[in-house]
Amino acid sequence: MAAPRSRWRRAAVAPSPRSRLKMAARGGGGVASRGSRVMAAPEEPCGGGRAGGEPGREAAGLSGARCGGAAAMFRCGEELLSGESEEESNGVNLMEFSDEILLHILSYVPCTDLVLNVRKTCRKLATLCLDKSLTHTVRLQKDYKVNKDKVKQLMRDIGKEIYQLNMAGCYWLPSSTIDHVIRCKNLVKLNLSGCHITSLRLSKMLSALQHLRSLAIDVNPGFDASQLSSECKATLSRVSELKQTLYTPSYGVVPCCTSLEKLLLYFEILDRSREGFMLSGQLMVGESNVPHYQNLRVFYARLAPGYVNQEVVRLYLAVLSDRTPENLHAFLISAPGSFAETGATKNLLDSMARNVRLDALQLPKAWINGSGLLQHLKFNNPFYFSFSRCTLSGGHLIQRVINGGKDLKSLTSLNLSGCVHCLAPESLFRKAEDDIDSSILESLVVSCCNLRHLNLSAAHHHSSESIGNHLCQLLSRLKHLLSLALPVCSITDVAANVEKPPTQSNAVPQTFGKKVRVGIQTYPRNLMDQANPKIESSVFWTLMGSLRFLETLEIIGSSFSSAMPRNEPAIRNSLPPCVRAQSVGDSEVAAISQLTYLQSLTLAQLPNIITGSGLVSIGLQCQHLRTLSLANLGMMGKVVYMSALMDMLKHCKCLRDLRLEQPYFSAGTQFFQALSHCSSLQRLCIVSRSGTLQSDAVMSFMASCLEVIMCHMFMGESLTVCKNLQQSIVRSFQADRPALNVVIFPLLHEDLTEVIRDVPMRHLDEITLFKSRVAEEPPNLWW
């Protein structure tokens with residue numbers, strides 16, 4: 001074979017470096033498998049960081065610029081690969097760029113593609129692809145095409161050069177894949193959350209990783225700490241950061257980690273076994289070792305619903321209550337429902353009030369409600385507060401947390417979801433639907449002027465008729481916001497509601513009842529094309545115009561509840577929307593299209609959607625959109641926005657996750673043909689009471705959208721239809737898509753909860769279950 005040349009030209013005999021790069025791009029797992037999709041940003045701008053699931057921009061507009069620049073340069077190279085001469089392409093040669101520029105371009109290509117494909121194209125790329133800046137950190141967590149053989153080859157080629165390895169959520173890889181991590185002798189950080197691993201394999205692996213300082217693992221039934229070797233325990237004794245997801249009552253490896261500074265615990269223990277037996281929160285025999293918290297700086301615990309999770313977390317907290325770490329600066333417990341305070345937890349909180357100064361705080365609502373705790377806790381430079389579902393009044397919020405409106409510029413993330421009285425001076429005699437006190441919100445905005453993440457959902461925040469004091473007008477001052485969650489009733493124009501109440505024809509039925517017969521809707525292709533001064537003068541339109549760098553937006557009805565809760569049967573009836581929300585519809589949705597850098601959008605329970613024309617505007621203008629979740633829009637007995645949705649999807653070239661929840665949704669041929677335009681789509685979830693689907697249309701869609709690895713449909717079809725379709729999809733596509741996860745099941749079936757428990761946690765937590773995700777956790781909680 002001819003020696004590789006520095007320029008990509010046609011080879012006279014053997015395949016040249018250019019043709020090999022072209023074949024790699026076309027072949028399975030080559031450059032084009034994921035890299036080309038990300039690098040097609042000018043035509044298909046995909047927002048976000050480098051391939052592999054890196055979080056969004058640090059500075060406004062950065063990701064779009066970086067992604068777009070890389071795409072332009074790669075497109076120049078692809079023009080040469082297409083067979084054009086250098087003269088025809090104006091002499092542009094990708095390999096003539098400096099090493100620094102090429103390294104920047106290559107940083108957007110998945111590491112598996114770099115090492116296994118791109119570096120084989122020519123000598124220069126062979127050297128650059130092994131540069132330390134590209135091999136130091138390897139992210140496989142959303143590389144859905146990676147398999148055991150690729151991991152084995154990757155570790156063999158660059159294992160010694162890897163210092164940080166993220167395999168979180170690689171549920172499809174067999175447990176034997178973990179054995180190859182041993183080759184990474186210099187690992188400092190390792191994330192194996194969601195991976196299958198036994199006690200013996202963990203012991204063997206950690207025994208060889210003497211430099212490890214950060215570890216994330218799952219603790220599954222059958223885990224036995226007594227099987228850990230002394231060498232493994234020696235490695236664990238040096239670990240300072242531990243993230244542990246518990247699926248069984250256990251301390252896991254916590255007692256072995258004597259140098260812990262950061263501890264993250266996720267409790268996912270079910271109350272019943274598969275056989276129906278009640279589980280106990282008592283730890284297994286032999287796990288009486290006491291955790292070591294003396295150096296702890298960050299303690300975080302997130303509980304799934306269930307009393308067993310509460311019992312187990314109390315065992316972890318018992319040690320903290322005896323002696324509170326002096327350096328503790330972040331204490332966060334996220335617990336759904338009621339999590340009662342005990343004597344031990346009260347002692348812990350009293351000790352914290354005396355001995356520590358916090359930068360981040362989140363507590364169960366029962367620990368805050370009715371207590372004077374916040375009055376005694378001391379804060380240093382707080383960056384995160386969560387008072388989700390607490391009865392904290394606005395008066396207490398200002399006096400005890402914001403220190404009477406003093407400067408709190410350090411606060412970047414605030415979660416007040418479900419905090420129904422947080423914008424009122426007091427809560428004793430106040431109704432949840434009463435108007436807010438704009439002076440409280442104004443104090444909050446002035447004091448916390450650097451907020452980047454704000455969640456005000458799941459509450460009725462009604463503005464008064466006072467000019468200039470509308471919630472949207474006050475929030476427009478927060479110029480640094482990157483993510484925002486609001487209730488639907490908070491964005492309505494008060495004056496418009498007073499002047500023109502919703503007509504009877506647009507009113508939302510309070511129950512499902514009989515289907516409503518609606519003719520074919522006509523709507524403008526782009527609502528923004530219509531000059532409407534009244535729409536553009538609305539307070540919500542002004543808010544969207546002032547938050548041009550917003551990446552995540554959630555507009556959720558204050559009384560909305562998903563039809564598919566976590567560990568319960570599907571909900572059959574939904575509460576009616578707030579009266580103030582009745583006028584929120586297509587024009588408000590169209591206002592969202594001003595958000596050029598929008599990456600994630602959630603709309604739930606918008607009652608006045610008539611045609612869905614605003615969705616088309618979003619599809620045309622928000623070209624960075626990657627995640628879309630729509631639920632209960634317009635009438636409940638008819639999907640009135642279907643035509644607009646299909647038109648919108650044709651423009652969403654970068655959409656990766658789509659979740660639809662709507663009664664009577666018909667997933668037919670036309671819908672899936674429109675969805676096939678979303679060439680980057682990876683995950684699809686449809687939840688529809690009395691919904692229907694066409695099996696042939698689903699199969700055609702799966703065949704045309706090669707990136708789809710998750711298909712969840714909970715509809716009104718029979719169990720037989722659902723099982724047959726699920727088996728057909730798995731049988732046809734599993735071989736080529738190792739990460740494929742398919743669940744098609746009747747929504748109202750009594751065994752739904754048993755089916756849900758087998759869904760990989762990554763999909764369940766990120767898309768299948770509906771929830772507000774803004775400020776759910778502190779930013780950068782884990783690397």
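Modeller: A residue is called buried when its relative accessible area is under 20%, exposed when it is over 50%, and partly exposed in between, using a 1.4 Å probe and protein chains only. The model above is predicted, and for that reason local features need pLDDT of at least 70 and side-chain atom pairs count only at pLDDT 80 or more, while totals for chains, interfaces and linings use all residues. Residues are numbered from 1 along each chain as its sequence is written, and side-chain values use heavy atoms, with hydrogens and water left out.

Biologist: Is Asn-632 buried or exposed?

Modeller: Asn-632 counts as buried, because its relative accessible area is 8%. Asn-632 sits in the loop between β16 (627–631) and α23 (642–649), and its phi is near 50°, a positive value in a residue other than glycine. Ser-690, which is not a glycine either, has a positive phi of about 65°. Ser-690 belongs to the loop between β19 (683–687) and β20 (692–693), and it counts as partly exposed because its relative accessibility is 35%.

Biologist: How many helices and strands are there in the protein chain?

Modeller: Helices (H or I, at least four residues) and strands (E, at least two) are runs assigned by DSSP and numbered from the N terminus. In the protein chain there are 28 helices and 22 strands, and of its 783 residues 56% count as buried.

Biologist: Which residues have the most contacts inside the largest nonpolar core?

Modeller: A nonpolar core is a set of buried Ala, Val, Leu, Ile, Met, Phe, Trp, Tyr and Cys residues joined through side-chain atoms within 4.5 Å. The largest one here has 204 residues, and those with the most contacts inside it are Met-205, Phe-299, Phe-331, Phe-387, Leu-475 and Phe-671. Helix α11 (residues 307–322) gives the most to this core, contributing seven residues.

Biologist: What does Phe-331 touch?

Modeller: Contact means heavy atoms within 4.5 Å. When residues up to four places away in sequence are not counted, the residues that Phe-331 touches include Phe-299, Leu-317, Leu-348, Met-352, Leu-358 and Gln-362.

Biologist: In which sense do β8 and β9 pair?

Modeller: Two strands pair if DSSP finds at least two bridges between them. Strand β8 (residues 330–334) pairs with β9 in the parallel sense over three bridges, and within this pairing Leu-332 stands opposite Gln-362 in β9. From β8 the chain passes through helix α12 (residues 343–355) to β9 in a right-handed β-α-β crossover, a term for a path from the first strand over the helix to the second that runs clockwise when the strands point away from the viewer. Strand β9 (residues 357–362) is mostly covered, with five of its six residues buried.

Biologist: Over how many bridges do β9 and strand β10 pair?

Modeller: Strands β9 and β10 (residues 378–386) pair in the parallel sense over five bridges. Along this pairing Leu-358 stands opposite Phe-379, and Gln-362 stands opposite Ser-386. Strand β10 also pairs in the parallel sense with β11 (residues 413–415), over three bridges, where Phe-385 has Leu-414 as its bridge partner.

Biologist: What span should the 13 residues of α12 have?

Modeller: The expected span of a helix is 1.5 Å times one less than its number of residues. For α12 this gives 18 Å, which agrees with its end C-alpha atoms, because they are 18 Å apart. The buried residues of α12 are Thr-345, Leu-348, Leu-349, Ser-351, Met-352 and Ala-353, and what covers them includes α11, β8, β9, α13 (365–368), α14 (373–376) and β10.

Biologist: With which side chain does the side chain of Thr-768 make a polar contact?

Modeller: A polar contact is a pair of N or O atoms within 3.5 Å; within protein, one must be able to donate a hydrogen and the other to accept it, and residues adjacent in sequence count only if both atoms are side-chain atoms. The partner of Thr-768 is the side chain of His-712, at 2.9 Å. Thr-768 lies in helix α28 (residues 761–768) and counts as buried because its relative accessible area is 0%. Leaving aside neighbours within four places in sequence, Thr-768 is in contact with Met-564, Arg-659, Cys-685, Met-710, His-712, Phe-714 and His-763.
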